[in-house]
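Okay, thanks everyone, I'll keep this short. Let me put the structure up and then walk you through a couple of spots in it.

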Amino acid sequence: MSLQMTLGSKPTISAVQERRADRDRELVEALRLHEPTAAERLVATYGDRAYRLATGITGNAQDAEEVVQDVFWTVIRKIDTFRGESVFGSWLYRIVANAAYQKVRGRQSRRAELSLDDVLPLFDEQGRHVAPMADWSARVEDHAVQTELRVALTSAIDKLPADYRTAVLLRDVEGLSHLQIAEVLSLSVPTVKSRVHRARLFLRKQLGDAMTTLDATTAARSDS
């Protein structure tokens, strides 16, 4: 099951990306020319996605709002520094990610981050799961469990370290390629692939645990 399916986000497809690239060229030019409607167009085009990414990294709506406001102000002021070496969306995502990371690091009472090594599924020497994992993916269309899955997924994403959380959100929610994510986060493609893979394993385990708990609760209610 994808994060898009569970969170209700629309998948990104190549045709949409091509149209967006065309619009972005016009948007960048409007920003550079300081057209009166350019800032409004920037917010309309990237506001929701920037806020979604900022929320995913910070885990806090108020922090995300502050990040997005700062980011758009930065983009407007520094649009001339955009050289077109990457697509505009990737450049903007990089600014959002960096600003959100700084917001997380600047918190006075930051919670201790989870170590994935402590909670990831165990594997044998052949890379197979040591313990069996229940396959609950077929039940994702069951309206009776969708709300619980969405809540469990949101909670699990929030438990991820910020760098893993960012990678998997950019890949599975925003639909960026591994190469694009590498550009956004200034990482190598293998590092991005590793973070996405490990984050997915963690999320799958957390959702599996949530489904097990839900099934046990439902069975107990049926027996009472």
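I'll start with a helix pair and then move on to some aromatic rings. Keep in mind that this is a predicted model.

So, the helices. H3 covers residues 38-58 and H4 covers residues 61-77, and the two pack with their axes 8 Å apart, at an angle of about 140 degrees. Antiparallel would need over 145, and that's why H3 and H4 are oblique to each other. The crossing of H3 past H4 is right-handed. On the H3 side, the contact includes Leu-42, Val-43, Tyr-46 and Ala-50, and on the H4 side you've got, among them, Val-67, Val-68, Phe-72 and Ile-76. By type, the contact residues come out as 14 nonpolar, three polar and two charged.

Next, what does Phe-88 form with Trp-91? A tilted aromatic pair, 5.8 Å centre to centre, with 40 degrees between the planes. Those two are both in H5, three residues apart, about one turn of the helix.

Buried or exposed, then, for Phe-88? Buried, at 4% relative accessible area. Trp-91 counts as buried too, at 11%, and Tyr-46 is also buried.

Note on methods:
Residues are numbered from 1 along each chain as its sequence is written. This is a predicted model: local features need pLDDT of at least 70, side-chain atom pairs count only at pLDDT 80 or more; totals for chains, interfaces and linings use all residues. Side-chain values use heavy atoms; hydrogens and water are left out. Axes are lines fitted to C-alpha atoms, for helices over the stretch in contact, and angles run from 0 to 180 degrees between N-to-C directions. Helices (H or I, at least four residues) and strands (E, at least two) are DSSP runs, numbered from the N terminus. Angles under 35 degrees count as roughly parallel, over 145 as roughly antiparallel, 65 to 115 as roughly perpendicular and the rest as oblique. A crossing is left-handed if the near helix is turned anticlockwise from the far one by less than a right angle, and right-handed if clockwise. Contact means heavy atoms within 4.5 Å. Ala, Val, Leu, Ile, Met, Phe, Trp, Tyr, Cys and Pro count as nonpolar, Asp, Glu, Lys and Arg as charged, and the others, Gly among them, as polar. Buried means under 20% relative accessible area, exposed over 50%, partly exposed in between (1.4 Å probe, protein chains only). Rings of Phe, Tyr and Trp (its six-membered ring) pair if their centres lie within 6.5 Å; planes under 30 degrees apart count as stacked, over 60 as edge-to-face and the rest as tilted.
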